Amino acid sequence: SLLASNRVLNFATDLGLEEAWNYGLNITQNFKIVRRDASFSIDLYRTDFAQQILVDVDQSPTEVFFYNVDGKSFSNSLLATLQYNLLPGLDIKFAYKWNDVRATFADGVLREIPLVAKHRGLVTLDYTTPNKKWMFNTRVQLVGAQRLPDNSLIPHQYTHDFPEASPTYAIWNAQITRSFGKKIELYIGGENLNGFQQHNAIIAANEPDSPYLNGSQIWGPIMGQVAYLGVRFAPSGL
């Protein structure tokens with residue numbers, strides 16, 4: 001959030017409404033592997049902006065500029081998903097998403113929008129016992145590199161822990177659910193079980209009055225492992 005920053009906000013006086021053309025294509029195929037159900041789908045989407053408001057955090061380390069893009073601005077995305085019923089009650093899913101999001105900045109250069117991962121992946125494994133009383137769910141999310149805003153004009157002592165692009169990382173989540181009839185479920189789970197964290201997430205964190213204070217460059221989880229426990233109750237049935 002830009003609110004977690006001491007940057008000065010600069011809005012162009014002639015900001016116009018955003019306009020864009022969207023195109024999309026979906027292909028889904030159901031089939032069987034070793035007599036078990038499977039499906040594969042591809043989603044392709046493109047957005048061409050006729051007019052877009054850009055939030056430019058690259059121009060200055062102490063200011064944020066809002067203006068209409070003067071040039072090309074587009075977004076391409078591809079989502080491929082494979083689902084397979086590996087065994088009775090056991091489903092596995094693989095997903096891959098590719099994003100290409102670019103805009104022409106004030107300097108006339110067409111570049112990637114910061115903090116957008118070009119590559120993402122997901123693997124999920126879900127198992128439900130034959131009596132439907134127990135459910136086991138786990139997933140691993142892969143996040144590719146993200147371009148960080150240009151920090152070259154910020155004094156090095158504030159940004160020595162900030163690379164030009166974030167590393168590729170994974171997050172592992174899991175949950176176990178126990179059903180008691182049709183009205184009550186008890187569940188326990190954990191997030192970020194592999195404990196990946198972004199350290200030193202706030203620029204100039206020890207100087208709250210500094211013009212370089214910036215907590216908006218968050219590209220990964222800033223908390224370690226998180227556990228939770230809960231109960232679902234529905235009088236009319238879950």
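On a 1 Å grid over the protein atoms alone, a cavity is a set of points where a 1.4 Å probe fits but cannot get out, whereas a pocket is an open set with protein on both sides within 12 Å along at least five of seven lines, and lining residues have an atom within 4 Å of a point. Grid points are joined across faces, edges and corners, and a volume is the space filled by probe spheres set on the points.

I noted that this is a predicted model, in which local features need pLDDT of at least 70 and side-chain atom pairs count only at pLDDT 80 or more, while totals for chains, interfaces and linings use all residues. Residues are numbered from 1 along each chain as its sequence is written, and side-chain values use heavy atoms, with hydrogens and water left out.

For the largest cavity I recorded about 30 Å³ of space, with a lining made of Asp-58, Ser-60, Pro-61, Asp-150, Ser-152 and Leu-153. I sorted that lining into two nonpolar, two polar and two charged residues, where Ala, Val, Leu, Ile, Met, Phe, Trp, Tyr, Cys and Pro count as nonpolar, Asp, Glu, Lys and Arg as charged, and the others, Gly among them, as polar.

I then turned to the second largest pocket, whose volume is about 190 Å³. Its lining has 13 residues, and Gln-157, Tyr-158, Ile-202, Ala-204 and Ala-205 lie nearest the centre; the lining divides into six nonpolar, five polar and two charged residues.

**Charged pairs**

My search of the whole structure gave seven salt bridges, each being a side-chain nitrogen of Lys or Arg within 4 Å of a carboxyl oxygen of Asp or Glu.

In one of them, Asp-37 pairs with Lys-32, and their closest N and O atoms are 2.5 Å apart. Asp-37 is partly exposed at 47% relative accessible area, while Lys-32 counts as exposed at 55% (buried means under 20%, exposed over 50%, partly exposed in between, with a 1.4 Å probe and protein chains only).

Arg-232 is partly exposed at 32%, whereas Glu-185 is buried at 13%.
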